[in-house]
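Please look at the sequence and the model below before reading on.

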Amino acid sequence: MDRSEIIELLEVINQQVSSSVLGGRDDDYEELESMGLITIDRDAVQWAATITPAGIAYLGHD
């Protein structure tokens, strides 16, 4: 993913308490998680992503 794709996906996740991992985008979410920008709750029936403090910093939000 390029920077604009990362920011776009992080903005979507940031606007929600947690964002359902969208089908077909699993690899993108896992990439963001490996970068430390989100965490994925794999115990939920529908996986959900939550933005981390590092993700907030990446977006430039305080």
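Which residues does leucine 10 touch, not counting residues up to four places away in sequence? Leucine 10 touches Leu32, Leu37, Ile38, Ile51, Gly55, Tyr58 and Leu59, where contact means heavy atoms within 4.5 Å.

The model is predicted, so local features need pLDDT of at least 70 and side-chain atom pairs count only at pLDDT 80 or more, while totals for chains, interfaces and linings use all residues. Residues are numbered from 1 along each chain as its sequence is written, and side-chain values use heavy atoms, with hydrogens and water left out.

**The nonpolar core**

A nonpolar core is a set of buried Ala, Val, Leu, Ile, Met, Phe, Trp, Tyr and Cys residues joined through side-chain atoms within 4.5 Å; buried means under 20% relative accessible area, exposed over 50%, and partly exposed in between (1.4 Å probe, protein chains only). Helices (H or I, at least four residues) and strands (E, at least two) are DSSP runs, numbered from the N terminus. In soluble globular proteins, nonpolar side chains tend to be buried together.

**Charged side chains**

The whole structure contains two salt bridges, each defined as a side-chain nitrogen of Lys or Arg within 4 Å of a carboxyl oxygen of Asp or Glu.

| Pair | Distance, N to O |
|---|---|
| Arginine 25 and aspartate 28 | 2.9 Å |
| Arginine 42 and glutamate 33 | 2.8 Å |

Arginine 25 is partly exposed, at 28% relative accessibility. In the other pair, arginine 42 is partly exposed at 36%, and glutamate 33 is partly exposed at 24%.

Arginine 42 also lies over the face of tryptophan 47, at 4.9 Å from the ring centre. Arginine 3 lies over the face of tyrosine 58, at 4.8 Å from the ring centre. A charge sits over a ring if NZ of Lys or CZ of Arg is within 6 Å of the ring centre and within 35 degrees of the ring normal.

**Glutamate 31**

Glutamate 31 has its place in helix α2 and is partly exposed, with a relative accessible area of 29%. Glutamate 31 and methionine 1 are 30 residues apart in sequence and 8.5 Å apart in space, C-alpha to C-alpha.
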